[in-house]
Each structure stands twice: as structure tokens, then as C-alpha cells.
Amino acid sequence: MSAEPEPSNIDETPFLDGMSDAKSRYGRFNLAVIGATGVGKSSLVNAVFGRDLAKVGKGLPVTRGVHYYSDDSLGIWDVEGFEIGTPVPAAEQLRGHLQEIAKRPKNEQISVVWYCVKSNDDRLAPHEIAMIDELSRAGLPVILVLTKVDWLRNPITGQRGVSKGVEEFVNWLEKPVDNGQPISINYERVILTSTSDKHGKGKGHGLGELVAETLSLSPKNEQDAFRIAQRLNLPWKRELARPVIAAATAAAAGAATVPLPVADAVTLAPIQLGMMARIAVIYDIEMKTALSTSSLANLGAQLAGRALASSLIKLIPGAGSVVNAGVAAALTGATGEGWLRLCEHVHTGKIRLDQMDEAWNQYVPGFLDVIRKMAEQRVGK
Ligand SMILES: Nc1nc2c(ncn2[C@@H]2O[C@H](COP(=O)(O)OP(=O)(O)O)[C@@H](O)[C@H]2O)c(=O)[nH]1
Ligand SMILES: [Mg+2]
């Protein structure tokens with residue numbers, strides 16, 4: 001008789017490989033955030049991406065007024081500090097910045113621009129219109145983000161609205177005129193946002209719309225990176241994770257076409273660890289927990305090891321002394337879903353890092369989960 005599969009028997013390498021593979025496959029989404037100091041650029045980035053890259057990335061400006069902050073899935077070009085009333089017009093300064101950026105590596109190139117303006121301005125100044133033109137000429141889609149919108153609640157209807165001033169600004173943006181003459185401004189969308197109320201409280205407004213528009217303006221091959229980088233839309237992450245579980249489930253079934261002795265169930269571990277690593281990347285778990293890749297791999301191996309333990313498998317009706325394709329698929333599917341739930345709860349802050357050691361146990365699939373999976377497979381056939 002071989003020994004019970006033990007977490008310590010499980011090689012963590014497939015987890016590590018799966019993570020680096022997923023990171024390079026999903027790539028990086030690069031956003032340029034442009035606007036005067038104080039309009040709320042950093043607050044927006046923090047609200048949408050849940051990280052203060054500025055704190056992490058610090059570093060020297062790439063060129064005057066331009067900083068680049070990045071991690072695996074996200075790059076932010078923070079562009080500010082245009083000097084007005086200097087001999088070089090703002091649009092020309094911006095063109096210079098864009099030229100500097102164009103010299104950088106491919107995975108740092110801008111996909112979408114948030115051009116940020118305070119919502120209590122009443123129109124765009126000519127130099128701002130010229131800057132937006134410059135961006136558009138460079139082929140960049142521009143979202144005009146009106147920041148720090150005050151949302152007022154109508155005391156009678158209870159409906160939320162914006163102030164008259166903001167409304168007039170939006171109307172002007174839709175049909176801009178200058179000296180009575182219609183003019184055109186080359187942006188794709190206007191979005192009204194706030195990251196807090198005027199007391200610095202609340203969750204903000206318009207951010208869901210901002211991420212939806214940003215996604216729709218992103219090139220196809222950067223959309224997954226954007227879905228991973230943002231933290232406001234959880235269903236997007238689930239949509240990315242589900243096919244990963246389905247693929248691993250199919251691979252596990254394939255690996256057990258010739259039924260495996262129960263004690264050899266641990267040979268399914270590499271498939272499961274690869275799956276868990278990809279899901280961890282989708283939920284940005286490394287960043288969320290500040291756990292090292294190797295600690296995460298260890299956690300994954302423990303969870304997979306528990307699910308593959310002979311004592312669990314022997315309880316599964318029909319398993320007998322072997323793991324057949326159906327059992328292998330069900331075990332893998334249930335493990336994937338347990339891990340997905342764990343990742344979601346970490347991502348949303350339901351589980352804190354200091355609770356993870358005790359909490360992960362609750363996500364190991366039990367034999368009921370596996371039975372349920374097997375029933376689903378039968379129904380699905
Ligand atoms: N009332 C209100 N204040 C905001 C909002 N967003 C940012 N702020 C405040 O505006 C100031 C400048 O924000 P920051 O994000 O640093 O602007 P940046 O210089 O463009 O990066 C900070 O004190 C923020 O707390 C908002 O939506 N509403
Ligand atoms: Mg800032």
C-alpha cells in the first residue's frame with residue numbers, strides 16, 4: 001500500500017510555472033491618466049485598481065511631469081504638470097511626452113487615456129482641447145473623465161442628480177461652441193465620477209461606468225489584463241476563471257482515462273496546481289495578500305493535497321479502489337471552485353491575510369462537493 005497523498009508529497013513547481021505562464025499570457029494593460037495636479041487622478045486609480053501604485057512604484061519621472069508605475073497586470077502613465085504660459089504650448093509638451101513613451105517597450109504602450117477635468121469647471125480651455133486632439137492624432141481613445149462630481153439628492157423625489165453647473169458643462173461638451181461657433185473635441189465618451197463625497201466618505205460614483213467604457217475601448221488583446229487589473233467588477237474575473245476550471249477538469253478526466261489507483265490520485269496534482277495558479281493570477285492574490293509566490297504555491301499544494309487524499313476518495317461512491325475519469329474530473333472541478341471562492345473572498349477582503357492560515361481549510365472540497373460535481377457531470381451529458 002502506498003502512503004496517503006500528503007501535501008508534502010506534492011511538488012509545487014506546476015503552481016509556480018502556472019503563475020508565470022498566466023502572467024505572461026494575460027499581459028499588462030496600460031492606462032494614461034492625464035490632468036492637472038489635484039484633479040483627482042491618483043484617487044481614481046486607487047478606486048478602480050485598488051492599489052496605490054505611486055507608493056509602490058515611486059521612482060524618477062520618465063520625463064518632466066510624467067511618471068510610469070507598473071506591476072504585472074497594470075501600467076499607469078501619470079501625466080501632469082503642464083506649464084501654461086510658457087513658450088511651449090501644452091499640446092506640444094504632450095506630443096513630446098508621447099514621443100518619449102513611444103520609445104519605451106511594447107508592454108508599456110498606452111491603450112486608453114483618461115483625460116481628467118474637474119467637473120466644476122465650466123468648459124475646456126483651448127489648450128485642453130488641443131491636448132485631446134494631440135492624443136486622438138496619436139490614435140489613442142480618450143475618455144473625458146469629469147472628476148469630483150457632487151451628487152445631490154433631490155429632497156422630494158430622492159433621486160440623485162448633479163448640480164446645474166455640472167449639467168451645463170456636460171451639455172457644452174456634447175455640443176461645444178466657442179464664440180458662438182461649433183467646435184469639435186476628439187474624445188470618445190464623457191463620464192462623471194467621484195471617488196468620495198465632499199467629506200471624503202462613501203464609495204464614489206460613476207466608477208462602474210468608467211471601467212465598462214475603458215474595457216470597451218481597449219484593444220482585444222489587452223482586455224483580459226484590464227479585467228484582471230481592475231477590482232470593481234467581480235463577474236469579469238469569474239468569467240475568466242470558469243474556463244480555466246473547465247479546461248483543468250477536462251485534462252484531469254483525460255489523465256484518468258485509464259483509471260488510476262487511489263493512492264496515485266496525487267498525479268492529478270500538477271493539473272490542479274496549474275489551474276489554481278491561473279486563478280490566483282486572475283484575482284491578483286499575490287498583490288492582495290502580499291504572500292510570496294512560494295507561500296501561495298504551498299497553500300495551493302496543501303489544498304489540492306487534502307482534496308486528493310485517499311481517505312476522501314474512498315468515500316466517493318463508485319470510486320472503489322480507483323480514480324476513474326468521472327471522479328478525477330469531479331475532484332478537480334470541486335477543487336477549482338473551492339479555490340475560486342477562497343480567491344474571491346481574499347479579493348473582496350472577506351478574509352484577511354492574518355486569517356488565511358485558519359480559513360483555507362474551509363475551502364478544501366469535501367466529499368459532498370465532489371458528489372455534487374459528479375451529479376452535475378451526469379446531468380450535463
Ligand atoms: N470631494 C472629493 N474630493 C476628491 C475626490 N477625488 C479626489 N479628491 C481629493 O482631491 C485631492 C487631490 O486628489 P489626487 O487624487 O491626489 O489628485 P491628483 O493630483 O490628480 O493625483 C485629494 O485631497 C483627494 O482626497 C472626489 O471624488 N471628491
Ligand atoms: Mg497624483
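# Reading a predicted protein model

Biologist: How big is the accessible surface of the protein chain, and what share belongs to carbon and sulfur atoms?

Modeller: The accessible surface of the protein chain is about 18,200 Å², and 53% of that belongs to carbon and sulfur atoms. Areas like this come from the Shrake-Rupley method with a 1.4 Å probe, and for residues only the protein chains shown count as cover.

A word on the ground rules. This is a predicted model, where local features need pLDDT of at least 70 and side-chain atom pairs count only at pLDDT 80 or more, while totals for chains, interfaces and linings use all residues. Residues are numbered from 1 along each chain as its sequence is written, chains are lettered from A and ligands numbered from 1 in the order in which they are written, and side-chain values use heavy atoms, with hydrogens and water left out.

Biologist: How many helices and strands are in the protein chain?

Modeller: These are DSSP runs, numbered from the N terminus: helices are H or I with at least four residues, strands are E with at least two. Here the protein chain has 16 helices and 12 strands. Its C-alpha atoms fill a box of roughly 90 × 55 × 40 Å along the principal axes.

Biologist: What percentage of the 381 residues is buried?

Modeller: Buried means under 20% relative accessible area, exposed means over 50%, and partly exposed is in between (1.4 Å probe, protein chains only). In this chain, 46% of the 381 residues are buried.

Biologist: What share of the contacts with a separation of 6 or more joins residues 24 or more positions apart?

Modeller: A contact means heavy atoms within 4.5 Å. For this chain, the share is 75%.

Biologist: Which residues are closest to ligand 1?

Modeller: A residue is near a molecule if one of its heavy atoms lies within 4 Å of it. Ligand 1 is surrounded by 15 residues, and the closest are Gly-38, Lys-41, Ser-43, Lys-148 and Thr-195. Now look for polar contacts, pairs of N or O atoms within 3.5 Å. A side-chain N or O atom of Ser-43 sits 2.6 Å from an oxygen atom of ligand 1. For Lys-148, a polar side-chain atom lies 2.8 Å from a ligand 1 oxygen, and for Ser-42 the distance is 2.9 Å. On its own, ligand 1 has 590 Å² of accessible area, and the protein covers 66% of that.

Biologist: Is Asn-179 buried or exposed, and is Asp-284 buried or exposed?

Modeller: Asn-179 counts as exposed because its relative accessibility is 75%. Asp-284 is buried, as its relative accessible area is 15%. Leaving aside neighbours within four places in sequence, Asp-284 is in contact with Arg-51 and Ser-73.

Conventions. A polar contact is a pair of N or O atoms within 3.5 Å; within protein, one must be able to donate a hydrogen and the other to accept it, and residues adjacent in sequence count only if both atoms are side-chain atoms.
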